[in-house]
Amino acid sequence: MNQFNFNSVRDTLIDTSGNFVNGFRKTLADLDNDGDYDLIAGIWYSGGLKYYENIGTSQNCQFSLITQNWQGIQISQGKADPCFADLDADGDLDLLVGTGQGKIY
């Protein structure tokens, strides 16, 4: 019989100011076109989006909070769940934001 020994590892994402990167849902995309992924976090209660720029590298991410109200987007139902895809095949990313009520904007 195999004996397994697991260690508990704290899994947290901390920004460059030492604060937790929190949000209802998170997604990664290269928003500043510098070759590494930046982070967008959807906010549970307000339906807004936080933008964290990766000021590190693609191998060593360091996320810096740029704004807690990215692009002024507010989903009235809250529970913002962002994702990016090139829906119209024009070579750039389009933003979709889902809600806890099943709507997609």
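The legends below describe close-up views of a predicted model.

Residues are numbered from 1 along each chain as its sequence is written. In this predicted model, local features need pLDDT of at least 70, side-chain atom pairs count only at pLDDT 80 or more, and totals for chains, interfaces and linings use all residues, while side-chain values use heavy atoms, with hydrogens and water left out.

**View 1. Strands β1 and β2 pair in the antiparallel sense.**
Strand β1 covers residues 26-29, and strand β2 covers residues 38-42. Strands are DSSP runs of E with at least two residues, numbered from the N terminus. Four bridges join β1 and β2; two strands pair if DSSP finds at least two bridges between them. Ala29 stands opposite Asp38 in β2. Strand β1 has two faces. Thr27 and Ala29 are on the covered face. Lys26 and Leu28 are on the uncovered face.

**View 2. Tyr51 and Trp70 form a tilted aromatic pair.**
A search of the whole structure finds three aromatic pairs. A pair of aromatic rings is described by the distance of the centres and the angle of the planes. Rings of Phe, Tyr and Trp (its six-membered ring) pair if their centres lie within 6.5 Å; planes under 30 degrees apart count as stacked, over 60 as edge-to-face and the rest as tilted. For Tyr51 and Trp70, the centres are 6.2 Å apart and the planes are at 40°. Tyr51 lies in strand β3 (residues 49-54) and Trp70 in the loop between β4 (63-67) and β5 (81-85), so the pair ties together parts 19 residues apart in sequence. Tyr51 and Trp70 are both buried. Buried means under 20% relative accessible area, exposed over 50%, and partly exposed in between (1.4 Å probe, protein chains only).

**View 3. Trp70 and Phe84 form an edge-to-face aromatic pair.**
The ring centres of Trp70 and Phe84 are 6.3 Å apart, with 70° between the planes. This pair links distant parts of the chain: Trp70 is in the loop between β4 and β5, and Phe84 is in strand β5, 14 residues away. Trp70 counts as buried because its relative accessibility is 14%. Phe84 is buried too, at 17% relative accessible area. Tyr51, Trp70 and Phe84 make up one aromatic cluster.

**View 4. Asp81 forms a salt bridge with Arg25.**
A search of the whole structure finds one salt bridge. The term means a side-chain nitrogen of Lys or Arg within 4 Å of a carboxyl oxygen of Asp or Glu. In the pair of Asp81 and Arg25, the closest N and O atoms are 3.7 Å apart. Asp81 lies in strand β5 and Arg25 in the segment before β1, so the pair ties together parts 56 residues apart in sequence. Asp81 is partly exposed at 31% relative accessibility. Arg25 is partly exposed at 42%. The charged end of Arg25 also sits over the ring of Phe24, 4.5 Å from its centre. That requires NZ of Lys or CZ of Arg within 6 Å of the ring centre and within 35 degrees of the ring normal.

**View 5. Asp36 is buried yet has no salt bridge.**
Asp36 is found in the loop between β1 and β2. The nearest side chain of opposite charge is Lys26, 18 Å away. Lys and Arg count as positive and Asp and Glu as negative; His and the chain ends are not counted. Leaving aside neighbours within four places in sequence, Asp36 is in contact (heavy atoms within 4.5 Å) with residues including Ala29, Asp30 and Asn54.
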